[in-house]
Amino acid sequence: MPVADAKFFASSDLPAHRRLLEALAGARVAEIVGRVRAISDQRIAIGGLAAHGAIGDVVHLRARDGSEIAAEIVAFDGPDAIALPFGEISALGPGCEARLSPASAVARPDDSWLGCVFDGMGRCLIGGPAVDGSRDYPLRRPPPPAAARGLTTEPVDIGVVAMNAFLTCGLGQRLGIFAGSGVGKTTLLGMLASHARFDAVVIALIGERGKELADFVLRYLSPEQRARAAVFVSTSDEPAVLRRRASFLAVTAAEYFRDTGRRVLFLMDSVTRFAAALREIGVAAAEPTGVGGYPGSVFAQMPRLLERLGPLEGTSGITAFITVLVEGDDMNEPVSDAVRGFLDGHVLLDRRIADGGRYPAIDVVRSVSRAAPQVQVAEHREALRRAIALESAYREVEDLLRLGLYKRGTDQRTDRAIEYHERLESMLQQEVADRSELEEDVRTLRAILDEIRSE
Ligand SMILES: Nc1ncnc2c1ncn2[C@@H]1O[C@H](COP(=O)(O)OP(=O)(O)OP(=O)(O)O)[C@@H](O)[C@H]1O
Ligand SMILES: [Mg+2]
């Protein structure tokens, strides 16, 4: 049976196909072998696979020194499959053997994956043993059809006061956390990983520094929290194909935990580095570049990953928080701009707020949660309207205050806004280890507003 057909059956849910596939599992499947024809930079052209391989398939290359190197097919160029390597290729040359790896476009997630840290190839680095499950999940599963994405109406307590009170999230919502470098994105994700109430937490650490993995797992998660988390990591020094694969693997695992009845939280740090990996791959595959030096495929592939997250009828969906590095604090650079459009809201971290020492440095006026109106009760919405109006009034005089040009007592409305702002700031200040409660956060906000009103 050709490997391509086996893959078709593997991606099908039909029991008859499954039985057939299982019957074939023991049978010998003919190996598909090609040969390296040319190498330039990281781009490996392989002959003999074009009729069998598909984009995303892994090939195993036998180098001249006998070592084996894995690579992923990223494009086809005439009769050649173009592959990018997962490792060092100095011992590789024309004529080297290339074996197509069957079933490399699928993963088999399992309950045992919780409590483990994986690399981009799905190897368990910490924890385990992580075993394969019984069902194939395609790494590049298409997103669910729009009609199957139920509305987000159930509020979810995420344990961070600024977000609970101002940007109340719904189950299955997808939010971007936007900030320049060093403003607290990773720390905020760490708080969500440990405070938000979910059955399974999938964390994708893509293209960030190696130390962040240790930070995340050791600093933010208690042993109990670790036991309900699956972490996928591919650091910035690793090849682009591996960073992309780790991202797909993480989303695939989140789909499995959702399909097995869990409330799933998905955290990604960062989608900017995922986009950078897509760009590197696109450039290596000789795609023409467009907006901001990004090949067009980057903006086609990003939503294919992000749209797999979010609500899905009949399940609790996948609630997701994704960090976006805003280069030079420019929200309109191409990746930020595109990601903002794909998600259901954005949380902005402001450098000025961080510099003032208030963490998490969430700008509650400029951030938006599109699900908030659906998941908040009427009194909460009313309180927020007043809160935002007061904070906006404060911002109008902020510069004057800083320069000492406004004297308290001059204008009652302004005095109220200043008073309110000071109380709000102390409410929004939250230590990393402290968990807040949704109902309590809403009560506190309303209490502050009531006090200001009665003054
Ligand atoms: N909640 C917090 N409480 C106290 N300090 C914080 C908090 N969040 C961030 N910081 C401070 O800001 C620094 C940078 O935070 P963090 O690494 O989370 O930022 P980042 O946006 O992920 O940075 P990068 O863009 O480099 O990845 C931390 O080392 C810490 O000093
Ligand atoms: Mg970070």
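Helices (H or I, at least four residues) and strands (E, at least two) are DSSP runs, numbered from the N terminus. The structure is a predicted model, in which local features need pLDDT of at least 70 and side-chain atom pairs count only at pLDDT 80 or more, while totals for chains, interfaces and linings use all residues. Residues are numbered from 1 along each chain as its sequence is written, and chains are lettered from A and ligands numbered from 1 in the order in which they are written.

An open sheet with mixed pairing is made up of nine strands in the order β9-β8-β15-β14-β16-β17-β13-β18-β19; two strands pair if DSSP finds at least two bridges between them. The edges are taken by β9 (124-126) and β19 (368-369), each with a single partner strand, so one side of each has no neighbour in the sheet. Three bridges join β8 and β15 in the parallel sense, and V117 stands opposite V231 in β15. Helix α5 packs on the sheet and touches β8, β14 and β15, with a direction that makes about 160° with that of β14. Helix α7 (residues 240-259) also packs on the sheet, where it touches β8, β14, β15, β16 and β17, and its direction makes about 170° with that of β14. For these angles, axes are lines fitted to C-alpha atoms, for helices over the stretch in contact, and angles run from 0 to 180 degrees between N-to-C directions. Two residues are in contact if their C-beta atoms, placed from the backbone, lie within 7 Å.

Strand β17 (residues 318-325) is mostly covered, as eight of its eight residues are buried. A residue is buried if 20 or more other C-beta atoms lie within 10 Å of its own, exposed if 12 or fewer, and partly exposed in between, with C-beta atoms placed from the backbone. Buried residues are found on both faces of β17: I318, A320, I322 and V324 on one side, and T319, F321, T323 and L325 on the other. Strand β13 (residues 174-179) runs parallel to β17 and is joined to it by six bridges, with I177 having T323 as its bridge partner. Strand β16 (residues 264-269) pairs with β17 over five bridges, also in the parallel sense, and V264 stands opposite I318.

In helix α5 (residues 211-220), the buried residues are F216, V217 and Y220. Seen down the axis of α5, these buried residues fall within an arc of 120°, so they line one face of the helix; the arc is that of the directions from the helix axis to the C-beta atoms. An α-helix has 3.6 residues a turn, so residues three or four places apart point the same way. On the other side of α5, K211, A214 and L218 are exposed. The packing partners of the buried residues of α5 are β8 (116-118), α4 (185-195), β14 (200-206), α6 (223-226) and β15 (229-234).

The axes of helix α13 (residues 378-402) and helix α14 (residues 412-428) come within 8 Å and cross at roughly 105°. The two helices α13 and α14 are therefore roughly perpendicular to each other, a term for angles of 65 to 115 degrees, whereas angles under 35 count as roughly parallel, over 145 as roughly antiparallel and the rest as oblique. From α13, L390, E391, A393, Y394 and V397 meet R413, T414, R416, A417, I418, Y420, H421 and L424 in α14. The residues of this contact comprise eight nonpolar, two polar and three charged. Here Ala, Val, Leu, Ile, Met, Phe, Trp, Tyr, Cys and Pro count as nonpolar, Asp, Glu, Lys and Arg as charged, and the others, Gly among them, as polar.

Residue A83 is found in strand β5 (residues 80-85) and counts as buried because 31 C-beta neighbours lie inside 10 Å. The C-alpha atoms of A83 and I44 are separated by 5.1 Å, although the two residues are 39 residues apart along the chain.

Most residues other than glycine have a negative phi, and most peptide bonds are trans. A cis peptide bond joins G128 and P129, with omega about 5°, and P129 lies in the loop between β9 and β10 (137-138). The bond from D269 to S270 is also cis, with omega near 5°; S270 lies in the loop between β16 and α8 (271-284). D41 is not a glycine but has a positive phi of about 55°.
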